[in-house]
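Subject: Handing over the structure

Hello! Here is the structure I promised to pass on to you. Please open it next to this email and follow along as you read.

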Amino acid sequence: MKGLIIKDILCLRKQLHITFFSVIGTVVISVMFVLSARFGNIAMAGERMLADNQMTSTDVKNLGVQVLVLLMLLPIAAVGDMTNVFTADGKAGFDKVAASFPIPIRQRVLARFMTIFAMFFMSVTIDTILAAVLSALTDLLSFGEFMGIILSGASVIGIYGSLLIFFCILLGFGKESYAQIFTLLLMILMAFIAGFRTIKMLWLVITEVIPEPVREDGSSFVWNTLDLVKDKWWIFVLTAVCISILSYTLSVLTAERKRGVI
């Protein structure tokens with residue numbers, strides 16, 4: 001199984017290059033943003049918005065946090081796509097070779113899941129080091145809040161990767177693009193179901209049916225989602241673990257029925 005993991009990682013060499021450059025870009029841009037938000041033009045823009053009563057201090061802070069969230073997710077998002085492995089295996093006819101291996105299908109599927117989570121672990125480790133540096137440079141987020149964001153983001157991308165593996169096995173070689181579409185649609189559906197009340201309220205505010213709710217600190221209610229990502233990271237982690245186990249189980253059952261697809 002170790003050899004299968006190494007083979008999968010070699011198939012992801014292009015993504016590793018993308019991850020490397022995304023990490024460098026994230027480090028440079030994050031440090032520049034944090035310094036500007038504390039001493040430079042971004043800090044001056046925030047002060048002007050406060051002076052003009054365009055935003056509350058909490059809104060200004062959360063806007064900066066949102067930018068940092070997006071930057072921190074880049075290295076993790078860069079390793080979430082496993083379609084290259086399935087495409088390379090399909091072109092090489094690896095499924096025919098793998099059928100002769102003395103390795104049961106469940107272990108071959110497990111190797112694929114272990115590959116993607118090994119990549120996630122690498123990205124999370126890099127983000128953790130970056131979080132330690134950024135938390136020392138800014139008061140926007142503490143190290144604990146940074147870690148909450150990292151774990152929540154890794155969990156969401158982990159859900160995407162797990163579902164993508166299942167759909168790639170279910171649909172077979174040549175249909176990796178459809179697998180990506182089905183994965184995204186399913187995740188959107190799950191997010192809609194989970195956040196139906198918030199989405200409904202947001203729609204009512206946009207259509208001016210009801211006035212925009214205001215939180216106790218005077219900021220917009222739209223930042224509730226950001227607080228969820230920062231403080232309730234364990235919900236995302238637990239959800240990712242459950243979906244990954246379910247996806248692995250369904251992937252094994254599908255692969256055993258189709259015989260020799262991985």
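One term first: two residues are in contact when they have heavy atoms within 4.5 Å of each other. Please keep in mind that this is a predicted model, where local features need pLDDT of at least 70, side-chain atom pairs count only at pLDDT 80 or more, and totals for chains, interfaces and linings use all residues. Residues are numbered from 1 along each chain as its sequence is written, and side-chain values use heavy atoms, with hydrogens and water left out.

The whole chain

Which elements build the chain? There are twelve helices and zero strands, so named because helices (H or I, at least four residues) and strands (E, at least two) are DSSP runs, numbered from the N terminus. Along the sequence the pattern therefore reads α-α-α-α-α-α-α-α-α-α-α-α.

Of the 262 residues in the chain, 40% are buried. Here buried means under 20% relative accessible area, exposed means over 50%, and partly exposed is in between (1.4 Å probe, protein chains only). The accessible surface of the chain comes to about 14,500 Å², and 70% of it belongs to carbon and sulfur atoms. Such areas come from the Shrake-Rupley method with a 1.4 Å probe, and for residues only the protein chains shown count as cover.

Among the contacts with a separation of 6 or more, 77% are between residues 24 or more positions apart.

Helix α2 covers residues 13-39, and its 27 residues should span 39 Å at 1.5 Å a residue; the end C-alpha atoms are 39 Å apart, which agrees. The expected span is 1.5 Å times one less than the number of residues in the helix.

The buried residues of α2 are Q15, T19, S22, V23, T26, S30, F33, V34 and S36. Take T26, which sits in helix α2: its relative accessible area is 1%, so T26 is buried. Beyond the neighbours within four places in sequence, T26 is in contact with L71, L74, P75 and L130.

Now look at S123, in helix α7 (residues 105-137). Is S123 buried or exposed? At 1% relative accessibility, S123 counts as buried. Leaving aside neighbours within four places in sequence, S123 is in contact with T19, P75, I76 and V79.

I42 belongs to helix α3 (residues 41-51). With a relative accessible area of 36%, I42 is partly exposed. Apart from neighbours within four places in sequence, I42 is in contact with F33, S36 and A37. I42 and G64 are 22 residues apart in sequence, and their C-alpha atoms are 9.0 Å apart in space.

Helix α8 has 29 residues and reaches 42 Å from its first C-alpha to its last, close to the 42 Å expected at 1.5 Å a residue. This helix is mostly covered, with 22 of its 29 residues buried. Just after α8 comes G172, which takes a positive phi of about 90 degrees.

A pair of aromatic rings is described by the distance of the centres and the angle of the planes. Rings of Phe, Tyr and Trp (its six-membered ring) pair if their centres lie within 6.5 Å; planes under 30 degrees apart count as stacked, over 60 as edge-to-face and the rest as tilted. How many aromatic pairs are there by this rule? The count comes to four.

One of them is F166 with F167, a tilted pair at 5.2 Å centre to centre and 55 degrees between the planes. F166 is buried at 13% relative accessibility, and F167 is buried at 12%. F167 also pairs with F182, again tilted, at 6.0 Å centre to centre and 50 degrees between the planes. F167 lies in helix α8 (residues 143-171) and F182 in helix α9 (residues 176-194), so this pair ties together parts that are 15 residues apart in sequence. F182 counts as partly exposed, at 37% relative accessibility. Ring pairs link F166, F167 and F182 into a cluster.

The cysteines

The structure holds zero disulfides, a disulfide being a pair of cysteine sulfur atoms within 2.5 Å. C168 is buried, with a relative accessible area of 4%, whereas C242 is partly exposed at 46%.

Enjoy exploring!
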